[in-house]
Amino acid sequence: MFKKLFSYRVPQNLMVIMNSMAVLLLYLYKDRLDRFVLISGILLIFIIYMSNFILLKVSKGDHYIFLIISMLVSIGIIMIYRINPIYGFRQIIWFSLGILNFFLFYFLVRSIKHWNKWLTFYVVLSLVLFLSTLIFGVRIKGATNWIRIYGYSFQPAEIIKVLFVFFLASYFTGFRKIKPVIFHGIVYAYLGFLFLQRDLGTAMLFYFVFTTISYIYEENRKLILYNLSGAFIMAGLSYLLVNHVQIRVQTWINPWIYIDSKGYQITQSLFAIASGGFFGTGIGLGHPEYIPEVHTDFIFSAICEEMGIFGGIAVIMLFLIFVYRGFKIALQQNNKFFRIIAIGITAMFGFQAFIILGGVMKVIPLTGVTLPFVSYGGSSLVSSFAALGILQVASEELEWEQEENHGFRIQKDS
Amino acid sequence: MFNLLSLIFRYFFILIIYAFIFGIIRMIYLDIKAISEVSVSNTPYLKLINRKDSLPFKIKEVYTLDDTITMGRNKDNDIVIVDPYVSNHHAKIILDENFYFLEDFDSANGTYLNGDKLMDAIKLRNGDRIKLGQVEFLFVSND
């Protein structure tokens, strides 16, 4: 019994142990003896264990992706709770909503056929969301990408991400023929709207996903080349014309000369990563609060500071296994639409992690996107779990697929 | 108290996370190994002759025959072939004293062995071609 509890053969138990240790640690943090931590911690452990258990019963598909993601979410919640208990508790609530959303989308997408025929719907819905962001949008931290409703703000771009993947998939499945020119017009309209909102990270993310899928499925290979050269021209133009982009590039090349102004955030992040060493300072013993926005975009620096480089490498490795599983799902799926969906969603998470991890480590210019599943943020977490639910559907054999193509000639047994 | 605990726990956290990653990778490895092991085993097996992606339904490349098996469109068969030309209970491969026999269950479109329609149970030899519906298998055994 005891041995089984600690064995690497049962990863769920390891997760429970880690979360219980973290709850104990946070309970003692700053001698507050906070009952609240205990309640929310036990709630968290229960949610993770139960949802994994239910998924094993319900789904015949891949069970690893959900495990990997629960581990990432628990690391994230531990760090956020340590930085700010209020945010931490909210994140636990968002996480439970995310899990509900996961199962909701899982059953919804599984039970409805013909997702590939709704291309117009996806485009119109994204357009509505974009326009409402432009009209009702609130400017928070340099980007106008928030809508505020009854005191709750959310980012429509997080929903559009999923819609964009569905749009690409239904175009390349080719149910409704639209001309390549119109298709590219729509894609660049997406990018243009994001650019108007100053949401450069998300624009880059959309472009990466678009390039990945068109690299695999576009039959006219020259178009890929045109798109790539177009991207270079756009990048060059935006560097010359947009002040926002120039700052990002300058602070990437040499943040040290702007350490007191625009380079402050990135240099603090580098200090935090460096001060962690191999095993970190220990949770609660570092100073991640010196970094502005540490609970959202810069959560990785906080993890590196308090859990060490090994903790940071573990986060990157979890993302790597996740991406590997995602491609594996895409390879096994027979239905072309869901194959593209699987590639798109996997690429979306993979690139998003790459953009922000590279950004906080000063490998590529910093653009503000959240680290999926780890960063604090309600709309990001909830819509990411919706996408994960869709990926879970893609990992299964779709039973209605065969009847659809050959239903008219199924023979009767005499 | 807290500081000491935190200093000790940081090693445990990293140990647990890595054990977790190791556990997942091991499970994935076993998953892949189970797929590739089938083709190297010593028991006779059925190999798909059609190109897998030319068939519009789910089918495996290799089916091992370690016991008597049934084939058909119904879910309770050992080999489920959701081909519209395959009957619900189409055919059966019987293992009898280390020999394999192919038998047809009065299927609507029949079972073919090396191009001839099957009338009675017939003993299978290495290299025989079994056709049911659009699907064609090769029977491979070591004798």
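Predicted model: local features only at pLDDT ≥ 70, side-chain atom pairs only at ≥ 80, totals over all residues.
**View 1. Glu306(A) and Arg82(A) form a salt bridge at 2.7 Å, N to O.** A salt bridge here is a side-chain nitrogen of Lys or Arg within 4 Å of a carboxyl oxygen of Asp or Glu. Glu306(A) sits in helix H13 of chain A and Arg82(A) in helix H4 of chain A, so the pair ties together parts 224 residues apart in sequence. Helices (H or I, at least four residues) are DSSP runs, numbered from the N terminus. Glu306(A) is buried at 1% relative accessible area, and Arg82(A) is buried at 5%. Buried means under 20% relative accessible area, exposed over 50%, partly exposed in between (1.4 Å probe, protein chains only). Residues are numbered from 1 along each chain as its sequence is written, chains are lettered from A and ligands numbered from 1 in the order written, and side-chain values use heavy atoms, without hydrogens and water.

**View 2. Arg82(A) also meets Glu289(A) in a salt bridge at 3.9 Å, N to O.** Glu289(A) lies in the loop between helix H12 (264-276) and helix H13 (299-332) of chain A, and Arg82(A) in helix H4 (64-83), so this pair links parts 207 residues apart in sequence. Glu289(A) is partly exposed at 45%.

**View 3. Glu136(B) and Arg129(B) pair in a salt bridge at 3.3 Å, N to O.** Glu136(B) is buried at 19% relative accessibility. Arg129(B) is partly exposed at 37%.

Note on methods:
Helix = DSSP H or I, 4+ residues; strand = E, 2+ residues; numbered from the N terminus.
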